[in-house]
Amino acid sequence: AGAGLVCSHTGGLAPRTDPHRVHYDDVVADVVATVAGLARRAVALGVRPDRVLVDPTHDFGKNTYHSLELTRRLDELAATGWPVLVAVSNKDFIGEALDAPVDERGSGTLAALAVSAWHGARVFRVHDVGAARAALDTVAGLGASTGGGRHL
């Protein structure tokens, strides 16, 4: 039918589950293996490769440490070749990192978006589109699309 598909990592938990003492030997390795496997399976079942995105799914089946680690090492997911979607806008990991309620997470969201773009994310779900666009345009102007992301 031409529909797109987002392959997401929820750590084996149902969406919106609040994990208690969730553990990964290496959260990034788990995310990469899981979503890349889901993407390959989707293509094998008939989804066009250009219709597939992968999403590390920050905060879902993960604690704040895991979501921060995913953001720091997002280039490992981007290296799979699948386009990476991030939806970090106002997430709990940003609130916990800043000790900020949801309505005060805007600057943290922009920082997480910028780092994610620098490390290869290409699709973004956000609440404040104007601010996100400005942050992402700035990242692009700094050369993230040329692979210079490791110098940030």
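Arg122 is partly exposed in this predicted model, with a relative accessibility of 45%. Its place is the loop that joins H5 to strand S4 (123-124).

**Arg122 and its surroundings**
- A polar atom of the Arg122 side chain lies 3.3 Å from the backbone oxygen of Ala117.
- Pro83 is 39 residues away from Arg122 along the chain, yet the two C-alpha atoms are separated by 6.2 Å.

**Ser89, a buried loop residue**
- Ser89 sits in the loop between strand S3 (85-86) and helix H4 (92-98).
- Its relative accessible area is 5%, so Ser89 is buried, the limit being under 20%.
- Which side chain does the Ser89 side chain meet in a polar contact? The partner is His127, at 2.6 Å.
- Leaving aside residues up to four places away in sequence, Ser89 touches Thr109, Arg125, Val126 and His127.

**The H5 and H6 pair**
- Helix H5 (residues 106-118) and helix H6 (residues 129-141) have axes that come within 9 Å and cross at roughly 40 degrees.
- This crossing of H5 and H6 is right-handed.
- On the H5 side, the contact is made by Leu110, Leu113, Ala114, Ala117 and Trp118.
- H6 contributes Ala131, Ala132, Ala135, Leu136 and Val139 to the contact.

**Helix H1, seen face by face**
- The buried residues of H1 are Val27, Val28, Val31, Val32, Val35, Ala36, Ala39 and Ala42.
- Looking down the H1 axis, these buried residues fall within an arc of 140 degrees, so they line one face of the helix.
- An α-helix has 3.6 residues a turn, so residues three or four places apart point the same way.
- Turned away from the buried side of H1 is a face with the exposed residues Ala33, Arg40, Arg41 and Ala44.
- Cover for the buried residues of H1 includes strand S1 (5-8), strand S2 (52-55), helix H2 (64-72) and helix H3 (74-78).
- At the start of H1, a side-chain oxygen of Asp26 comes to within 3.1 Å of the backbone nitrogen of Val28.
- Just after H1, Gly46 adopts a positive phi of about 115 degrees.

**Helix H2**
- Asn63 caps the N-terminal end of H2, with a side-chain oxygen 3.1 Å from the backbone nitrogen of Tyr65.
- Within H2, the buried residues are Thr64, His66, Ser67, Glu69, Leu70 and Thr71.
- What lies over the buried residues of H2 includes H1, H3, H4 and H5.

**The chain as a whole**
- The chain has 6 helices and 4 strands, and from the N terminus on these run β-α-β-α-α-β-α-α-β-α.
- Of the 152 residues in the chain, 42% are buried.
- How much of the contact count comes from residues 24 or more positions apart? Such pairs account for 71% of the contacts with a separation of 6 or more.

Terms used:
Residues are numbered from 1 along each chain as its sequence is written. This is a predicted model: local features need pLDDT of at least 70, side-chain atom pairs count only at pLDDT 80 or more; totals for chains, interfaces and linings use all residues. Side-chain values use heavy atoms; hydrogens and water are left out. Buried means under 20% relative accessible area, exposed over 50%, partly exposed in between (1.4 Å probe, protein chains only). Helices (H or I, at least four residues) and strands (E, at least two) are DSSP runs, numbered from the N terminus. The arc is that of the directions from the helix axis to the C-beta atoms. Contact means heavy atoms within 4.5 Å. A polar contact is a pair of N or O atoms within 3.5 Å; within protein, one must be able to donate a hydrogen and the other to accept it, and residues adjacent in sequence count only if both atoms are side-chain atoms. Axes are lines fitted to C-alpha atoms, for helices over the stretch in contact, and angles run from 0 to 180 degrees between N-to-C directions. A crossing is left-handed if the near helix is turned anticlockwise from the far one by less than a right angle, and right-handed if clockwise.
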